[in-house]
Amino acid sequence: MPELPEVETVCLALSEVLINSKVKKIKIFRKDLRWKMKENVKLYLEKDTLKKPYRRGKYILIPTFKKNILLIHLGMSGQIKIIDNKKNSSKHDHFKMIIETSEKKIFSIIYNDPRRFGFIDLLHKTEIENHFLLKKLGVEPLSKDFTIEYLKKKIRKKSTCIKNILMDQAIIAGIGNIYASEILFRAKISPLKRVDSLSQNNLNQIIYATKYILKDAISVGGTSIRNHLQPDGKLGYFVQKLKVYGKTKETCNECNNFITLKIISGRSTFFCNICQR
DNA sequence: CGGCATCCCTGGGAGC
DNA sequence: TGCTCCCAGGGATGCC
């Protein structure tokens, strides 16, 4: 499921219950996710108290009072569930954290991931800068640092198409396959357009569209497709606002031309070949 | 170095 | 209904 807006939605939902919650118990059902989960996740986290979660790219980071950080990546199929403590665990629940909130309520936080492309890690606050996954990440697209100067610098000497740039986590952190298509439709630029042929105006359109689409998606709880739900079980309504993603049997709402599907770097890419140039 | 293919894993939907 | 095939929102790795 999870691109930046979905991960942000998860962070917001976790913030509601996690801040100042005490970790009563950790249960690890499976360690072999994308990388093997370390034993210290359980050792260090139990009895610690959690602080406000935040997001970096598609990673969720949950700091603790003992200056550790719980790092969660949802991969392709990972979900966080906030549920009643008494509920039985389901298939593909790999990690469970029982917490007691500052109001003495008990919840289970579940990490469920059928494909196990996700990852859970625990690191000390000081290790954040050098973490092998986090240190590669590019700019936050919703931050002030995502500027035309930044983008120009990053695409200099590159010849690949703009869609690959939007999806490159080392350049912009958090955009995945759905939002790359939606952003480029909004910007009216073809996903196939080589970055060395983009005008100043094109780059500005891309930056504007990126911020617009991501903010809009966050405001409605992300996109629910393929069973992905928000942590409280609610749907994310951006699925109703998708203009091109998965719409090959439908027409462009601007020009009535059928939406085109093309595989770019192995990923399905949707666009209107009339409106997007 | 850049760009692309391949691989990790399971489930759901399409098509027969 | 049941089987097979293909596809899936991520990202590291290895090859050219």
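Leaving aside neighbours within four places in sequence, L123 is in contact (C-beta atoms, placed from the backbone, within 7 Å) with N68, I69, L71, I128 and H131. This is a predicted model, where local features need pLDDT of at least 70, side-chain atom pairs count only at pLDDT 80 or more, and totals for chains, interfaces and linings use all residues. Residues are numbered from 1 along each chain as its sequence is written, while chains are lettered from A and ligands numbered from 1 in the order in which they are written.

L123 sits in strand β8, residues 119-124 (strands are DSSP runs of E, at least two residues, and helices are runs of H or I, at least four, numbered from the N terminus). With 19 other C-beta atoms within 10 Å, L123 counts as partly exposed, because buried takes 20 or more and exposed 12 or fewer. K38 is 85 residues away from L123 along the chain, yet their C-alpha atoms are separated by 9.9 Å.

Now for the helices. Helix α1 (residues 4-18) packs against helix α6 (residues 200-219) at about 40°, with the axes 9 Å apart; axes are lines fitted to C-alpha atoms over the stretch in contact, and angles run from 0 to 180 degrees between N-to-C directions. That makes α1 oblique to α6, since angles under 35 degrees are roughly parallel, over 145 roughly antiparallel, 65 to 115 roughly perpendicular, and the rest oblique. On the α1 side, L4, P5, E8 and T9 meet L214, A217 and I218 of α6. The residues of this contact split into 5 nonpolar, 1 polar and 1 charged (Ala, Val, Leu, Ile, Met, Phe, Trp, Tyr, Cys and Pro are nonpolar, Asp, Glu, Lys and Arg charged, the others, Gly among them, polar).

Note on methods:
Two residues are in contact if their C-beta atoms, placed from the backbone, lie within 7 Å.
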